[in-house]
Amino acid sequence: MLRIHFGPDDLGRVRLTPGPDPLAEAALSLPVLQNRWMGGIALDGWRQRTQRGMSPLMRPLLELAPAGMGEYLPEAFLHAEHGATTLAESLESVWALPQKVWTAELECALDHRPVPQWFGDLHTADRSAARTVDQAFRSYYDKALAPYWSQVTACVQADRTRRIRTAAEQGVEHLLATLHPTVRWEPPVLHVPCMHNSGFHRDFHDVHLAGRGLTLTPSFFWPHPTARAHSADAEAPIDLCYPVAHDLTAYQTVLAGPAGRGSAGLARLTALLGRTRARVLDAAADGGSTAQLARRAGVSPASASEHATVLREAGLLTTRRTGPSVHHTLTQLGQALLNGVT
C-alpha cells in the first residue's frame, strides 16, 4: 500500500478535475489495449476493434506506454492543462511544457525501464520525434476513443457529480472513504494499492502531502487507482487517478457506440455531414448548451458553436437563448435524420 498522509490543511485542498482529458485517456488506454488482464472481458470488444485498426503510424505509442500495471506511463501526457476539452488542446498544452518537465520525466522513465532512442529524442525537444508522437496520438484517438467520447464524457461527468454531492452532503472524508473498494481511508491516512505509482521511488510507500493537497482524477479506461507525483514540481498536488466503471455493464454501455447507435449508421451520417458535425448532431439528441454539446462531441466550445450554427441553418437544430446562455434541441427533421441512421 501507498500511504498518503494528510496534514491539517489537506482535506480542504482535495479537488476533482473538471472532466476527462482526451490525451490522458488515450495514454491510459494504451497499456489496457495491450494487456487483456487489465479491464478483462469488459474491454475485449473495444480491444479487438482497436487492435484491428492499428496502423504503423500509431505503433510508437505502444513503446511510449507499454503493457503492464508496473510500467512507467509518460507523465507529460497525463498532466494536460485542466479545462482542455479536445485532443488538439491537450496536445498543444503538452508541447508547451517547460523543458525541466521533459528532463525530469526522462530521468523517471530511465529509472523504471529501458527506453528507445526516439523516446529520449522526444524529451530533448527533437521536433521530428514530437511530430511523430503528435500524429500517432491524433490517429489513435480517432480510432480508439473518438467513436465513444461523448459516452465516456457522460460517464465521467456523472461520477464527478455524484462525488461532489457526497462531499457536500457527507464531507470530504466520506468522499475519500468511498472513492474505490481498494482504497481505504483511516484518518489521517489514505491507503492506495501500489499497482503503479508514477513519480514515486519503488521502495517509497509513505507520502506526506504537507499542504500540497490531492487532485482526484476519474478515468474510464484505467482500471485501478493510481497515485502520481509531479516529477518536476515537488509542491504540486498528488494526483490520484481512479476508475469510474466498475462492472461489465458500465463498460458495455459506454463502448456500445455513440448514443447507442450502430457504427455502420454513424458512418453513413458521417459520410453525409462530416465526422465532427455528425458528432455534434448526435450530441444534441438530448438537448443542451453549447458547452454540453462540446463535451459530448469531444470538440472545443468554439467548434461546437460553429457546427451548431450550420446545423441550425440547415433546419436540423433550434437554439433558444435565455440570458447569456443558449439551449440547443433537435428539430423534427434533425431527429428524423438521426433516427434514420439506426
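What follows is a short exchange about the chain as a whole, a strand, a hairpin, a helix and an arginine.

Modeller: Happy to! This is a predicted model, where local features need pLDDT of at least 70, side-chain atom pairs count only at pLDDT 80 or more, and totals for chains, interfaces and linings use all residues. Residues are numbered from 1 along each chain as its sequence is written, and side-chain values use heavy atoms, with hydrogens and water left out.

Colleague: What share of the residues counts as buried?

Modeller: Buried means under 20% relative accessible area, with exposed over 50% and partly exposed in between (1.4 Å probe, protein chains only). The chain has 342 residues, and the buried share is 51%.

Colleague: Why is strand E8 described as largely enclosed?

Modeller: Strands (E, at least two residues) and helices (H or I, at least four) are DSSP runs numbered from the N terminus. Ile238, Leu240 and Tyr242 point one way from E8, while Asp239, Cys241 and Pro243 point the other way. E8 is largely enclosed by the rest of the structure because six of its six residues are buried.

Colleague: In the hairpin of E9 and E10, which residue takes a positive phi?

Modeller: E9 (residues 317-322) and E10 pair in the antiparallel sense over six bridges. Threonine 322 has serine 325 of E10 as its bridge partner. Two residues lie between the strands, and the one with a positive phi, near 65 degrees, is glycine 323.

Colleague: How far does helix H8 reach from its first C-alpha to its last?

Modeller: H8 covers residues 149-170, 22 residues in total.

Colleague: Which side chain of opposite charge is nearest to arginine 279?

Modeller: Arginine 279 is found in helix H12 (residues 275-283). For charges, Lys and Arg count as positive and Asp and Glu as negative, with His and the chain ends not counted. A salt bridge is a side-chain nitrogen of Lys or Arg within 4 Å of a carboxyl oxygen of Asp or Glu. Arginine 279 is buried yet has no salt bridge, and the nearest such side chain, 5.6 Å away, is aspartate 142.

Key:
Two strands pair if DSSP finds at least two bridges between them. The expected span of a helix is 1.5 Å times one less than its number of residues.
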